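Student: Hi! I've got a structure open and would like to go through it with you. Can we start with the charged side chains?
Tutor: Happy to, let's take a look together.

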Amino acid sequence: MNYEQALAYIHKIDRFGMVLGLDTIRELLKRLGNPQDDLKIIHVAGTNGKGSTSSFIASSLIESGYKIGLYTSPFLERFNERIKVDGIDIGDQDLADTVEIVRDKIETMVSDGLNHPTEFEVVTAVAFYYFKKVNVDLVVLEVGLGGRYDATNVIDKSLVSVIASISKDHTKVLGDDIEKIAWEKAGIIKEGGHVILYGQDKLVEDVIKKVASENNADILVTDNESIVISKYNLNNQVFTCRVGARTYEDIKIRMVGEYQSRNALLAINVLVYLKDKLGFDKINDETIYEGLLKTKWPARFEVVSERPLYILDGGHNLDGAKALAKEMDRQFDDSWEKTLVLGILADKDVDSMVKLLAPKFDHIILTLPDNSRAMDLEELAYRVGMYCDDIICIENSEDAVKYSLDLQKKIKEERNSASKVKNKKTSSKKAKKVDKSKEPTLAKKNNLVIGAGSLFLVGSMRAVLRKVQF
């Protein structure tokens, strides 16, 4: 099996859909020799921030000298991103070889009359088998959806259960009640284990604490109130925080967004626990600071170009939209002429997301994320039209990106032209005082483009923008 054949095999499995329960993945892993049982796992669940938190943890552990496997989803540009060792994507042939081994076991399962695993179950099995094969020291394992019945929860034990920010998302699967969603996420908590929880809404915290108590698990809640951000810009931020009785001063991260300081604090709590309680003594302050600084997680308020300023943010649900809106208010004033490239999946809280984001932009380009659940553009345009007058629909996301770049050139040319007219008028002895309120193109001096609404969209946008000569 070659790489292309491996991807074709994985993606065609999509027709088997999603099945709640762990029996199928458990049987598949049994036939593979239960590789997950030999791995030391840090299990990370949550609605928002679990990818960033996982990346912070993995980066600091790598910096400490450990060989680290990282499993995340979805991928942005290339499938291999989902399975990493020491920050490097799984190689094409390694992926193909591992998929072939897993496929052979699946074929025997099906011939024995058992259910075919779903795509996520197959990829999870591939990750476990590969991590065992290359003998990683630890695995940072991100939950795909929910927690209780997620394929990653096939593991019987973990070093620590990490739960990031929880909000309403995937409500058709997890329910539309925040306590129910929290209960599902808390399903990763193991008997007698340890839980580190992102400090958040009391309703959520109470549910997680209850599940932890039922499982005789210790729990620690991060002190987000201790965070003090001293510096921030579009490239980095510096903050101080507290972990237990210890204060960590002047932590610098390149992950932009106020929420990323809270994700980093969650990661620090995990690292301190591993060091102080579980004996991972290669972790120290220097490796924590350096690992956090080196962490990169694409499409989370990521600046991909400075001229024009082009930012990608995978804010794919209401909480993500809130975080994006808050960061825009923090970073940009009214001197910026703002363009939004937007695509949203129909099963999200579209109305609330649009209401938050659309009023902040002068121009909005609607396009389709590469996903069958993408909202129809005509329907999305109807909702966006309540808040913005300048809207255009372009189905193909690559064409939408190209249009957004051409639009910035046009805006700049119009601004320059208007400025020349103004200068010519004011230089005349008979010139009257210019009414700036009637010259909106002069009131704004900078251009900003943001791509947002779906990780599937910003992933494809990122691939296009990486080829552009700015």
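Student: Which residue forms a salt bridge with E77?
Tutor: That's R466, and the closest N and O atoms of the two are 3.1 Å apart. Keep in mind that this is a predicted model.

Student: Where do R466 and E77 lie in the chain?
Tutor: R466 is in the segment after helix 16 (455–465). E77 sits in the loop between strand 2 (68–71) and strand 3 (83–85). The pair therefore ties together parts that are 389 residues apart in sequence.

Student: Okay, and is R466 buried or exposed?
Tutor: R466 counts as exposed, because its relative accessibility is 59% and the cut-off for exposed is over 50%. E77 has 26% and counts as partly exposed.

Student: Which residues are linked with R466 in a network of salt bridges?
Tutor: E77, E302 and R462 are in that network along with R466.

Student: How many salt bridges are there in the whole structure?
Tutor: The search finds 29. In general, side chains of opposite charge can pair when their charged atoms come close.

Student: Can you show me another one? What does E100 meet in a salt bridge?
Tutor: E100 meets R103, at 3.8 Å from N to O. Both residues lie in helix 4 (residues 92–111), three residues apart, which is about one turn of the helix. An α-helix has 3.6 residues a turn, so residues three or four places apart point the same way.

Student: New topic: helices. How many of the residues of helix 5 are buried?
Tutor: Eleven of its 15 residues are buried, so helix 5 is largely enclosed by the rest of the structure. Among them are E119, E121, V122, F128 and F131.

Student: What span should helix 5 have?
Tutor: At 1.5 Å a residue, helix 5 (residues 119–133) should span 21 Å. Its end C-alpha atoms are 21 Å apart, which agrees. Helix 5 is followed by N135, which has a positive phi, near 60°.

Student: Do strand 2 and strand 5 run parallel or antiparallel?
Tutor: They run parallel, joined by four bridges, and strand 5 covers residues 138–142. In strand 5, V140 stands opposite L70.

Student: What about strand 9 and strand 10, what do they form?
Tutor: They form a hairpin with four residues between them. Strand 9 (residues 228–232) and strand 10 (residues 237–243) run antiparallel, with four bridges joining them.

Student: Last one: what volume does the largest cavity have?
Tutor: About 30 Å³. The structure holds one cavity of 30 Å³ or more.

Student: And which residues line the largest cavity?
Tutor: Q36, D37, L39, I41, I155, D156 and K157 line it. By class, that lining has three nonpolar, one polar and three charged residues.

How values were computed. Residues are numbered from 1 along each chain as its sequence is written. This is a predicted model: local features need pLDDT of at least 70, side-chain atom pairs count only at pLDDT 80 or more; totals for chains, interfaces and linings use all residues. Side-chain values use heavy atoms; hydrogens and water are left out. A salt bridge is a side-chain nitrogen of Lys or Arg within 4 Å of a carboxyl oxygen of Asp or Glu. Helices (H or I, at least four residues) and strands (E, at least two) are DSSP runs, numbered from the N terminus. Buried means under 20% relative accessible area, exposed over 50%, partly exposed in between (1.4 Å probe, protein chains only). On a 1 Å grid over the protein atoms alone, a cavity is a set of points where a 1.4 Å probe fits but cannot get out, and a pocket is an open set with protein on both sides within 12 Å along at least five of seven lines; lining residues have an atom within 4 Å of a point. Grid points are joined across faces, edges and corners, and a volume is the space filled by probe spheres set on the points. Ala, Val, Leu, Ile, Met, Phe, Trp, Tyr, Cys and Pro count as nonpolar, Asp, Glu, Lys and Arg as charged, and the others, Gly among them, as polar. Two strands pair if DSSP finds at least two bridges between them. The expected span of a helix is 1.5 Å times one less than its number of residues.
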